[in-house]
Amino acid sequence: PEAAAGLKSIAQDGLEWLDKQLEGHEFIAGKRLTLADILLFAFLDFGTAVGQPLNPANKNVLAWFERMKARPSAAASA
């Protein structure tokens with residue numbers, strides 16, 4: 001528990017970095033869905049379920065998350 005705040009901060013820093021990388025891209029690797037997208041979606045979806053919401057300032061990450069969430073495979077796992 002003592003490390004939680006620091007780890008959350010590290011995760012937020014990483015998402016801020018990713019937000020810049022996603023500019024103009026549909027998926028993490030450009031136009032192609034990869035395992036990176038699937039794994040990150042699973043981690044972020046879990047985070048939102050346990051009270052770790054996405055930062056609204058990361059607009060590219062939010063748009064990517066909504067695209068992933070809208071996929072039929074994401075709906076099937078809900």
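Tutor: Among the elements covering the buried residues of helix 1 are helix 2 (35-49) and helix 3 (59-70). Helices here are DSSP runs of H or I with at least four residues, strands are E runs of at least two, and both are numbered from the N terminus. Contact means heavy atoms within 4.5 Å. This is a predicted model, where local features need pLDDT of at least 70 and side-chain atom pairs count only at pLDDT 80 or more, while totals for chains, interfaces and linings use all residues. Residues are numbered from 1 along each chain as its sequence is written, and side-chain values use heavy atoms, with hydrogens and water left out.

Start with helix 1 itself. The expected span is 1.5 Å times one less than the number of residues. Leu-15, Leu-18 and Asp-19 are the buried residues of helix 1. Viewed down the axis of helix 1, they fall within an arc of 105 degrees, so they line one face. The arc is taken from the directions from the helix axis to the C-beta atoms. Buried means under 20% relative accessible area, exposed over 50%, and partly exposed in between, with a 1.4 Å probe and protein chains only. Ile-10, Trp-17 and Lys-20 are exposed on the face of helix 1 turned away from its buried side.

Now the contact of helix 1 with helix 3. A pair of packed helices is described by the angle between the axes and the distance between them. Axes are lines fitted to C-alpha atoms, for helices over the stretch in contact, and angles run from 0 to 180 degrees between N-to-C directions. For helix 1 and helix 3 the angle is about 80 degrees, and the axes are 7 Å apart. That makes helix 1 roughly perpendicular to helix 3. The classes are roughly parallel under 35 degrees, roughly antiparallel over 145, roughly perpendicular from 65 to 115, and oblique for the rest. Helix 1 brings Leu-15, Leu-18 and Asp-19 to the contact, and helix 3 brings Lys-59, Asn-60 and Val-61. By class, the contact has three nonpolar, one polar and two charged residues. Ala, Val, Leu, Ile, Met, Phe, Trp, Tyr, Cys and Pro count as nonpolar, Asp, Glu, Lys and Arg as charged, and the others, Gly among them, as polar.

Asn-60 sits in helix 3. Leaving aside neighbours within four places in sequence, Asn-60 is in contact with Asp-19, Leu-22 and Glu-23. Asn-60 and Leu-15 are 45 residues apart in sequence, with their C-alpha atoms 9.8 Å apart in space.

Turn to helix 2. Its 15 residues should span 21 Å at 1.5 Å a residue, and its end C-alpha atoms are 21 Å apart, which agrees. Asp-37, Leu-40, Phe-41, Leu-44 and Gly-47 are buried in helix 2. They cover an arc of only 130 degrees around the axis, which puts them on the same side of helix 2. They pack against helix 1, helix 3 and helix 4. Leu-35, Phe-43, Phe-46 and Ala-49 are exposed on the face turned away from the buried side of helix 2. Just after helix 2, Gly-51 has a positive phi of about 90 degrees.

Helix 2 and helix 3 pack at about 100 degrees, with axes 10 Å apart. Helix 2 is thus roughly perpendicular to helix 3. From helix 2 come Asp-37, Ile-38, Leu-40, Phe-41, Leu-44, Asp-45 and Thr-48, and from helix 3 come Val-61, Trp-64, Phe-65, Met-68 and Lys-69. These divide into eight nonpolar, one polar and three charged residues.

Finish with helix 3. It has 12 residues and reaches 16 Å from first C-alpha to last, close to the 16 Å expected. Val-61, Trp-64, Phe-65 and Met-68 are buried there. Their arc is only 100 degrees around the axis, which puts them on the same side of helix 3. Lys-59 and Ala-70 are exposed on the other side. The buried residues of helix 3 pack against helix 1, helix 2 and helix 4. Phe-65 is buried, with a relative accessible area of 4%. Not counting residues up to four places away in sequence, Phe-65 touches Phe-41, Leu-44, Asp-45, Thr-48 and Leu-54. Phe-65 and Leu-54 are 11 residues apart along the chain, and their C-alpha atoms are separated by 9.3 Å.
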